[in-house]
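Here is a briefing on a two-chain model. Please look over the sequence and structure first, then read on.

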Amino acid sequence: MQKSQDSRDRGAEDLCTVSMRICQEGHANALALNKECNQIAVAGRSLLKVFAIYSDGFTEVCNMRGGKNQNLSYSSNDVAWSTLDSNILATAATNGVVSVWDLSRFGQKKQLHVYNEHERTAHTVAFDIHDPHILVSGSQDGTIKQFDVRNEKSSYTYYSNSESVRDVKFSPHTQYVISAVSENGTVQLWDLRKGDKSILQFTAHSGPIYTCDWHPTKNWLATGSRDKQIKIWNMDGKASLEHTIHTIAVVGRVKWRPDRIYHIASCALVVDYSIHVWDIRRPYIPFASFNDHTNVTTGIAWKGDNSQLLLSTSKDSTIYRHAFKDAVRPSSKANAQGASLGHRGDISFARKIKLTTTEAVTHGSKINSFVRQRSSNHEDQFHLAQSDVCQFILKPSYIGYSLKEEITHLKEHECFIGCAKELILNGRKLVDICEHNANVTKKYGKHNATTLWNFVKVLYGSNEFGKHEIHRNSFSKQKSVQTLRRPAQITHAHEILQWDRNERNDNNNNDDMADTVVQLDMDSTVMGGVSTTSSKQNYPPFGSVILSETQILNEITFDNFDLLREGFIYVGPPDFSKMHSHQESALHHDVQAARPHLDLKAESKEASPPPNTPSVLKVNSAPAIPIWEPHQFVAESIMLQGDVGDVQTTISILIAMGETRKLLQIDDALVETWFQTYIDQLHRYQLWNEACKVMNLSWLRAVRELNQQSTSVHTNCGECGRSLAGSVGWYCQKCKSMQSSKCSVCGLIVRGLYAWCQGCSHGGHLEHIMDYFANHFKCPKCGHLCEYN
Amino acid sequence: MVSLINTVDTGHEDMIHNAVLDYYGLHLATCSSDGSVRVFDVKNGNQILVADLKGHQGPVWQVAWAHPKFGNLLASCSYDRKVIVWKEGASNEWTKFYEYNNHDSSVNSVAFAPAEYGLILACGSSDGSISILTCNIEYGVWDSKKISNAHTIGCNAISWCSSTVPEPAFDQRASARNTAVKRLASAGCDNCVKIWREDADRWVEENRLEGHSDWVRDVAWAPSIGLARSQIASASQDRHVIIWNSTDLTTWSSTILHTFDDVVWSVSWSMTGNILAVTGGDNKVTLWKENNENQWMCINDDAASTISQQNEQRTL
C-alpha cells in the first residue's frame, strides 16, 4: 500500500518499461491486478504467482504452486482479484475447477475453496464489482456459474445454450448485469437475479468470440474474435455496432484504456506477439504498439487508472510493465505520401489531408499535468486520416525563352509521340532525311535535336566523310589537350567576340549551322539569383533540356570569367581557334567536358553576373573546314543527347546515318541500351509499329531479334490436317496439294492477307471471310464452328 | 512548370500510402491504411474506380505493377505481414494470384524486377529480411529466397537495378547478357542503403552505402538510359535526399540533393531517369533535375507552394 502510494506520487519516475522473467517452465495464461494496483497475480500452466510492482521492477511475493499440492487445478486459464479484499484471488482451471485463494493464509490453506462443478475447462472468472463476495465463472461446458465465496457450493448455474462460454465480465454501469461471450459468436447479457434466460442476446461475430470488455464510462462493450476483429457495441437498449477494428490476428484479449474514451488495448491469441492500442476512430492502424514480448501475449491490464502504464504477461514467461512513451507508433512510421511520375508528363500525388482543426487545440488553461495535455493533443490528432490523390501535369517551361521563339504548347510526351511517328529514318538521301527531321523536331520544340540533325546534315550530308575515311587528323588527339581550359585563350577569344556583340541575328531558322544563334539570357533573377546554365539558355520544353555542349556556340561574349564557370566553357580545339582567331568569326566546338565540378554552395555564393552583360551571341559565317573531322564531336553530341534522356534523337540519328555511323566511335553496348530504352518507351506509348520499325532498322543482332520473339505461326494442311511445318508456303507434302492456299469462299488462291482458322485450317481472303462470317457461324468448307461465340 | 489537373476522391477510408501508375500510364493503383487497394482508370484525364481489392487485414503500405508482358499483375504488401499478387483476368476482374505469408512482421515494400529477368518480386519487411519471389510463369509456381537480417530493425524500401546497366566488364557476346547479374538496393532502419547482388543462388551484400544519419525511408535506382553510370536516390528521416553515383558498381560517391524542412518519405524517378520526384512530411512533391554541371535543381519550387495553399483552402 505504502509503496504504491509513493510510486504514484513520483509520477514521471514511474514511467519506464520494466520486465521480469517469472518462471522456468510453464507459461502464463492470464494476469490480474489487485485493487490497490500494486500487485499482480499471474496464472498459467504450472504457475500461480503474485508479484509486487515497484517503480524499478517486480518482486515475487507469493508462489502458490509450492509444496506438495500440485494437482491440475493449478493450470489456470484465468485469474481474478477480489474487488474488496486484496488477499482474495480466484482462478479458473483447465480441468473445470474454480478455486478461491486467500493469500493471508499459509501453505495449502491458501486454497480457500475448490469448486469442482464445471464439467469441462473453465475459461474465465470474475468478481462482482458491486458485491465483492460474488464470483462468476464461464466454462467450455456452456454454463456460467455464480458463487458466493462465503459458501462451499455454487449459488446458481446459467445455461447459455452455446457450446462454450469464453469470457464473462461484470458491467460497471448496471449492478447484477454480466456479459458473456461464446464460441458460437454470440454475446449474452444476463441479469444474475434472473437465471432462466438471458436478458439480451445477439450475434456479434462470424467466429468464436474470445474476449469482451466493458468501457469504464460509456455503456459500450468491446468484443474480440477469431475473425480478427474487435467490435465496439453500444449497449443502450438493443446492442448496436459502433466501431469495427481490423487486427491482423485472432484477438485474444481486449482492455479499454483508462482516461481515453476511444482507446482500447488488444493482444492476439496467435501469430502476433505485440500488444496494440487502438483508437477506435481509426480502426485500421494501431495507435501504439508494444513489441517487447517474444511469444504471444496472454494477459494485459492497465495499471489502475494510470493510462501510461500497461502490464502484460506472455507465453514467453515474462511480465512487463510497459510505459506508454516507449510504445512504437505505427502510424507515424507510415508513409503519408506517394508520388508517381507518368510518362505522359503527369504526376499522381497522394498526400495526407492535414486537418487544420488540430492546430486550433486550446493551450489556454494550464492543465496541471504536462503529460496529460500532450497526450490529449495526440488523441485529437489521431483521427481517421484521409488522403487525396492529385494529378499534376508538367508543362513546358517558358523560362529563358525569347519571345520570338515559336514555342510548342504540346506536352513532352506528345512531342515524343509526334517525333516517333514523323521522323524519317531511312529510304531517302541523308540530306533529305536530316532536313525533314530537323523540321519535325523543330515543330515539336526539340531545338537541340533540330540542331543535331542540322549538324549531321551539314557534316555528313555531302557524303564527304563516307568516302574518305582516312581523315584521322589531330582532332581526337587534341581531346586531352582541350580539357585543359586555358583562361588566356578564352579571354583572347573573348576579345574577338566582343567585336560583334551588339549584332543580333534573328535568322535562327537558317539551316546553315554556322548561323545558329544561341541566345544567352543573363537575367539571373529567373532562378532566384543562382545562375545556372539552363536558365540562361534557349530553353526547350521541359524534359529535353538543352545542354550547352550540344550546341555549337559560334561566338561567345564574355564580360567576366565567372560566366565560364556557369556552364559555358570554351573548349574548342586550340589550334583551330588560333587559326581563326584573326578572322572575324570563330567556330567553337563546345562539346568536351563542359562539366566543371564546382561546389554548389560555392557557386551560389557567387555574385550575380554583372549588369551590362550582353545577352546575345552571334555568328557570321563559318569557314569551310576541310581538314577537320567531326566524328568525335558528333559522337559526343549524340552521347550527350542520350545523357539527357533523349534516346529518340540519338537512335534516330544513328539509324539515319546508315553506314556513316561507323565513323562515330560509340560503344555498341551503349547503343544497344539506347535501343532498348527507346523501344521500351515506344511500347509504353503503344507505338508498336514504330517500335517494330526501329527494331528492323537496327544493325545490332540482339535488337533485331526482339522482333522474332513468338512470331511463329503453326499451320496445318486444310486437306489432310498434317502440319505444314517445313513445307514451302501452303504446299502440303503429304497430299501434294496446294488446297490450303485457296480461299474457301471463292476458291481462288489467296495472295495478300489470309484469314485462317486454327481449328479447322481453312480460311481465305480476309474480306471474303469477314463477309461470310457476318452471316454464318460455321466454316464454309467443313462446317467447323470457327467462331468461338 | 507544374499545374494541377484534378484531385481524385479515392474513397479510401484512411491515409493513402502509395500511388503508382502502371507501365502504360493508364491505371493508377492506390493503397491505404484501410486495408484496400484501389485501381483507377486514368484515361483522358478522368479517374474512374475500376477495382477495389480487399484481402489485406491491415494497412497496405505499397503497391507495384508488373511489366505488362506478364499480364496485369499488381503486388501489394501490408502491415498484416502478407504480400498479395493480384491478377486481372477479364477486364477489371481482379483475383488473388498469389499470397506470400512468410514474413514475421509488417512488409513495407514490394518491387518487381526488370521484366528481362522474368516475373520476380522483392519484398522488404520490418523483420529485417528481404524476400525474393520468383514465379515460374508456365506453372504459376512461386519460389522464394530470403535474405535474412538484411537490415537490423527493418527494411523500408526496395528498388531493382534496371537490367540494362552496362556491366563493368561488358562482354559483347549475347550469351554473357543472359547471365546478367541481378542487383537490388534496399533501404533500412540501420541508416544504410545496401546493394545486393545475386551470386549463383544466393544474394550477397555487395555494397553498403552509409551517409544518412537516420532511418532511410526510400531508395530508388534510376532507370538506365544508356549511361555508363548507375544512380541511386535515397530518402531519409534525417531530411536528406542523397544521390549515389557509381561508374563501376563498386565505388559509390554521394551528393546531398537537398536538405528538406521535414522528413523525406519517398523518391521516384521518371521513366528516363532524368527527373526525380521527392515527397516528404511537408506534404509537397518537388521535382528535381540535374543540370549539366551536376547540380540538382528543383524545377517546381513555386508551384509546390501554390499546391499546398490550394489544399489548405480546400480542407478548411
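In this predicted model, β7(B) and β8(B) form a hairpin with four residues between them. R81(B), in the turn, has a positive phi of about 75°. Strands here are DSSP runs of E with at least two residues, helices are runs of H or I with at least four, and both are numbered from the N terminus.

**Around the hairpin**

- β7(B) covers residues 73–78, and β8(B) covers residues 83–88.
- The two strands pair in the antiparallel sense over five bridges; pairing needs at least two DSSP bridges.
- Across that pairing, S76(B) has I84(B) as its bridge partner.
- β6(B), residues 60–65, is also joined to β7(B) by five bridges, again antiparallel.
- There, A64(B) has A75(B) as its bridge partner.
- Six of the six residues of β7(B) are buried, so the strand is largely enclosed by the rest of the structure.
- Buried means under 20% relative accessible area, exposed means over 50%, and partly exposed lies in between (1.4 Å probe, protein chains only).
- In a regular strand, side chains alternate between the two faces of the sheet.
- In β7(B), L73(B), A75(B) and C77(B) lie on one side, L74(B), S76(B) and S78(B) on the other, and all are buried.

**Aromatic pairs**

- Over all chains, the structure holds 24 aromatic pairs.
- Rings of Phe, Tyr and Trp (its six-membered ring) pair if their centres lie within 6.5 Å; planes under 30 degrees apart are stacked, over 60 edge-to-face, and the rest tilted.
- W688(A) and Y24(B) are edge-to-face, because their ring centres are 6.1 Å apart and their planes at 85°.
- This pair crosses between chains, from helix α16 (residues 688–697) of chain A to the loop between β2 (16–21) and β3 (27–32) of chain B.
- W688(A) is partly exposed at 44% relative accessibility, whereas Y24(B) is buried at 16%.
- F97(B) and W142(B) also pair edge-to-face, with centres 6.1 Å apart and planes at 70°.
- That pair links distant parts of the chain, 45 residues apart: F97(B) is in β9 (94–100) and W142(B) in β13 (141–147) of chain B.
- F97(B) is partly exposed at 30%; W142(B) is buried at 13%.

**A ring cluster in chain A**

- Ring pairs link F287(A), F290(A), W302(A) and F324(A) into a cluster.
- The charged end of R257(A) sits over the F324(A) ring, 3.6 Å from its centre.
- The charged end of R329(A) sits over the F287(A) ring, 4.5 Å from its centre.
- Such a charge is NZ of Lys or CZ of Arg, within 6 Å of the ring centre and within 35 degrees of the ring normal.

**Chain totals**

- Chain A has 18 helices and 33 strands, and 57% of its 789 residues are buried.
- Chain B has two helices and 25 strands, and 64% of its 316 residues are buried.

**Record annotation**

- Residues 53–87 of chain B are 0% helix and 54% strand, with end C-alpha atoms 10 Å apart.

**Conventions**

- Residues are numbered from 1 along each chain as written, and chains are lettered from A in the order written.
- Local features need pLDDT of at least 70, side-chain atom pairs count only at pLDDT 80 or more, and totals use all residues; side-chain values use heavy atoms, without hydrogens or water.
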